[in-house]
Amino acid sequence: MHLPANHLWRKIESEITGKDHAEAAAIMRRYLDEIPASWRGYQALRDRLVKRVGRSEAAGAGRSTRGSRDEFHVQRRGIARVCFIGAANCGKSAIVNAFAQAPTEVNDFPQTTREPVAGLLRLGGGDIQCLDTPAILPGTVGGEGFGRRLLHLVSTGDAAVVVLDAGEDVTSQARLIMAELAAFGVRLQPHAIGTELTPQGRGGISFAGEPIDKADASVARRMLTEAEVMHARVTVRSAFSEDELAASLAGQTLMPTLFVVNKDDLPGAGKAETDLRDAFPGHAVIRTNFLDEANFDDLQATIVSALGLRAVAVLDEPAADARAAPLLMRAGSSARDIAERAEGVDDSSVVAALVWGDSVKHPGQEVGLSHLVADGDRVHFRA
Ligand SMILES: Nc1nc2c(ncn2[C@@H]2O[C@H](COP(=O)(O)OP(=O)(O)OP(=O)(O)O)[C@@H](O)[C@H]2O)c(=O)[nH]1
Ligand SMILES: [Mg+2]
């Protein structure tokens, strides 16, 4: 009796994990030689091994001439990075491919994805980098599977999408992912970041973003002093949060998170969604499947909101209905931040802005460059 193809693959996987490219290629070649072409049901596994061996050999050869490449380092692109994370085989690669056109490999074998693959979600106003990532397994934080460099990669994101398989126990899957990341110091939270701490080299304690009231500012100062942080900027993006500041001071990375119940076409999807909502009140839950791209609009809007992005328009002329370029900005951004990013605006020469929208009392009101914009504002810059 030989092992069923998927079990055999798991065995091979466990043998090549942690090995360098040349060693992994040698192991896979050995198995390839051992699997007769006549075995029915093993063709996909053979094809896969052939491909993997080719890749590992090429990477091994490349290494000797080019020096080592860190497969887990991905160049940042766009205005924000979102990591799609989850257990093996839940459909991360399928979703990131359909959602953000990442050139991923989708396969019914667990741990198909061996390194991050980037796609770009193009929105009017800015692109969002979406990363497909290898699976998080029990014990990843202790070095299992892809280990801590995978968790480190996730910590570089501005938000996380936890992909869950509707055909499995979604609540335990979600708890596992959260626990592995928590043990690495990444806190998955159900909302956008309200208060951000940026350590500085000098300059004492300063506040930026939304105005902070006196009582909150003194709480923040006390917390920083107790933690012996003398120089830092506290940016209030939406509201001051003692809890978030405490987590940041304890060295945690705050990560806005949403849940995706994938394989929505499976019969258990409805129950999976209800279970998840009961177990994690307050978390956004979206049901998707890559086959008909179900709820991708909802997924996009929820990502934008998890990132705390605001849509503003930069007007060519001083009139609300003038031609406008859309721009997505982080909550707590000022007119100056917009001028720095807007194309065709020379931010060194602008002195004021005219604003139409919720952040001002009167349409077309003139404001200084430190003025904070609101979602939907339309802005014209005056030199
Ligand atoms: N029915 C159904 N199957 C899906 C869906 N999404 C993914 N799959 C299947 O699930 C399997 C795993 O998909 P992948 O996208 O490779 O999963 P992954 O999470 O990237 O897996 P790893 O890279 O191994 O961690 C493949 O056979 C997919 O065809 C879906 O929405 N519905
Ligand atoms: Mg994958």
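**Entry 1**

How many bridges join β6 to strand β8, and do they run parallel or antiparallel? I looked this up in a predicted model. I found that β6 is joined to β8 (residues 232–236) by five bridges, and that the two strands run antiparallel. As one point of this pairing, I noted Leu197, which stands opposite Val234 in β8.

I then placed the pair in its sheet. The sheet is open, has three strands in the order β6-β8-β7, and its pairing is mixed. At the edges I found β6 (195–199) and β7 (205–209), each of which pairs on one side only. On average, neighbouring strands of this sheet are turned by 20° against each other, with direction ignored.

I also looked for a helix on this sheet. Helix α7 (residues 214–226) lies across β6, β7 and β8. Its direction is at about 135° to β7.

**Entry 1: the five-stranded sheet**

I turned to another open sheet, made of five strands in the order β12-β11-β15-β13-β14, again with mixed pairing. Which strands stand at its edges? They are β12 (324–330) and β14 (365–367). Each has a single partner strand, so one side of each is left without a neighbour in the sheet. From one strand to the next, the twist averages 35°.

Strand β13 (residues 352–356) is joined to β14 by three bridges, and the two run antiparallel. Within this pairing, Leu354 stands opposite Glu366 in β14.

For my own reference, I recorded the general rule that strands of a sheet pair through backbone hydrogen bonds, either parallel or antiparallel.

Is strand β4 mostly buried or exposed? I found that seven of the seven residues of β4 (residues 159–165) are buried. I checked the two faces separately. Ala159, Val161, Val163 and Asp165 are buried on one side, and Ala160, Val162 and Leu164 are buried on the other.

I then listed the partners of β4. Strand β1 (residues 80–86) pairs with β4 in the parallel sense over five bridges. In this pairing, Gly86 has Val163 of β4 as its bridge partner. Strand β9 (residues 253–262) also runs parallel to β4, and six bridges join the two. Here Ala160 has Thr257 of β9 as its bridge partner, and Val163 stands opposite Val260 in β9.

**Entry 4**

I continued along β9, which is mostly covered, with nine of its 10 residues buried. Strand β5 (residues 186–189) pairs with β9 in the parallel sense over four bridges. Leu188 stands opposite Met255 of β9. Three bridges join β9 to strand β10 (residues 285–287), and these two run parallel as well. The bridge partner of Val260 in β10 is Ile286.

**Entry 2: α1 against α2**

I recorded first that two packed helices are described by the angle between their axes and the distance between the axes. For helix α1 (residues 5–16) and helix α2 (residues 21–34), the angle is about 155° and the axes are 9 Å apart. Angles over 145 degrees count as roughly antiparallel, and α1 and α2 are therefore roughly antiparallel to each other. The crossing of α1 past α2 is right-handed.

Which residues meet in this contact? From α1 I listed Leu8, Lys11, Ile12, Glu15 and Ile16, and from α2 I listed Ala24, Ile27, Met28, Arg30 and Tyr31. Sorted by type, these residues are seven nonpolar, no polar and three charged.

Most residues other than glycine have a negative phi. I therefore looked up two residues that depart from this rule.

Asn89 has a positive phi of about 70°, although it is not a glycine. This residue lies in the loop between β1 and α4 (92–100). The relative accessibility of Asn89 is 26%, so Asn89 counts as partly exposed.

Gln101 is also not a glycine, and its phi is positive at about 55°. I found Gln101 in the loop between α4 and β2 (117–123). Why does Gln101 count as exposed? Its relative accessibility is 57%, and exposed means over 50%.

How values were computed:
Residues are numbered from 1 along each chain as its sequence is written. Chains are lettered from A and ligands numbered from 1 in the order in which they are written. This is a predicted model: local features need pLDDT of at least 70, side-chain atom pairs count only at pLDDT 80 or more; totals for chains, interfaces and linings use all residues. Side-chain values use heavy atoms; hydrogens and water are left out. Axes are lines fitted to C-alpha atoms, for helices over the stretch in contact, and angles run from 0 to 180 degrees between N-to-C directions. Angles under 35 degrees count as roughly parallel, over 145 as roughly antiparallel, 65 to 115 as roughly perpendicular and the rest as oblique. A crossing is left-handed if the near helix is turned anticlockwise from the far one by less than a right angle, and right-handed if clockwise. Contact means heavy atoms within 4.5 Å. Ala, Val, Leu, Ile, Met, Phe, Trp, Tyr, Cys and Pro count as nonpolar, Asp, Glu, Lys and Arg as charged, and the others, Gly among them, as polar. Buried means under 20% relative accessible area, exposed over 50%, partly exposed in between (1.4 Å probe, protein chains only). Two strands pair if DSSP finds at least two bridges between them.
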